[in-house]
Amino acid sequence: MSNQIIIDEKLIKYLQTNGYRSDDIIDKLVAETSALGNVARMQIAPEQGQFLEIIVNITKSRNCLEIGRFTGLSSLCIAKGLIEKGKLISIDNSDEFLSLAQKYWKMAGVDKKIESVIADGVDVMQSMVDRKHYFDFIFIDADKNNYPQYYELSLQLISQNGLIIIDNMLWHGDVANLEKQDTQTTTIRDLNLKIKKDNRVNYSLLPLSDGLSFIQKK
Ligand SMILES: C[S@@+](CC[C@H](N)C(=O)[O-])C[C@H]1O[C@@H](n2cnc3c(N)ncnc32)[C@H](O)[C@@H]1O
């Protein structure tokens, strides 16, 4: 059995340069987000974005949902992977960075594929469940304390064999450090365990950037 290699600083640099093909629009969005200061840490890594684009594309996902838009990199990448008539509904409870996101969605020619909803993620998802909405692909990247609710609601909203991807499931490595007992860490640690034991799904936990949980509803 081959072992998970250790990803040290040198390998991180290698992954960032060789595991990601530079894209002018993505690079500009990353630079403009980075100039915002500390909040920029919320943005997904560009190599994760390109992975999302491929997954949406190979699964031919038509109806996609995202919880957590921020400056719109994940939305842009998901929308790029969508088929011609595909659609992404992107939820965020803040409109602070919406116009910035929209500027880049437009630049990439994907703005018409994205519907933005400004509201609480749990509330919107619950109302979608009540109205019997279904999605082929769901990306979860919002407030960590609500991750268990987002997971359960996603299982009600995802079609059979549809995919749910959750970001930050390694939480800077803190999930493996039992001295870390803060609410966000324990919530993510408990959710990893729950998904592992959950017979409703197949899953894989990938160490791409801050960890992506890749979940397929059976
Ligand atoms: C990690 S960022 C998302 C990053 C984004 N996926 C990207 O690629 O740049 C998390 C986002 O979740 C939003 N958020 C936090 N709590 C939320 C809630 N209860 N409902 C909806 N969105 C929420 C925040 O406003 C923030 O924009």
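I began with the ligand: α4 (73–81) and β2 (87–92) each give at least two residues to the shell around it. Helices (H or I, at least four residues) and strands (E, at least two) are DSSP runs, numbered from the N terminus. This is a predicted model, in which local features need pLDDT of at least 70, side-chain atom pairs count only at pLDDT 80 or more, and totals for chains, interfaces and linings use all residues. Residues are numbered from 1 along each chain as its sequence is written.

I then listed the shell: 20 residues surround the ligand, and the closest are Gly68, Phe70, Ser74, Gly121 and Asp143.

Next I turned to α3 (residues 46–58). Its 13 residues should span 18 Å at 1.5 Å a residue, and the end C-alpha atoms are 19 Å apart, which agrees; the expected span is 1.5 Å times one less than the number of residues.

Which residues of α3 are buried? I found Pro46, Gln48, Gly49, Phe51, Leu52, Glu53 and Val56; buried takes 20 or more other C-beta atoms within 10 Å of the residue's own, with C-beta atoms placed from the backbone. Their cover includes α2 (24–34), β1 (63–67) and β7 (212–217), where contact takes C-beta atoms, placed from the backbone, within 7 Å. After α3 comes Lys60, with a positive phi near 50 degrees.

Last, I checked the whole chain: it has eight helices and seven strands, and 37% of its 218 residues count as buried.

Conventions
A residue is buried if 20 or more other C-beta atoms lie within 10 Å of its own, exposed if 12 or fewer, and partly exposed in between; C-beta atoms are placed from the backbone. A residue is near a molecule or strand if its C-beta atom, placed from the backbone, lies within 6 Å of it. Two residues are in contact if their C-beta atoms, placed from the backbone, lie within 7 Å.
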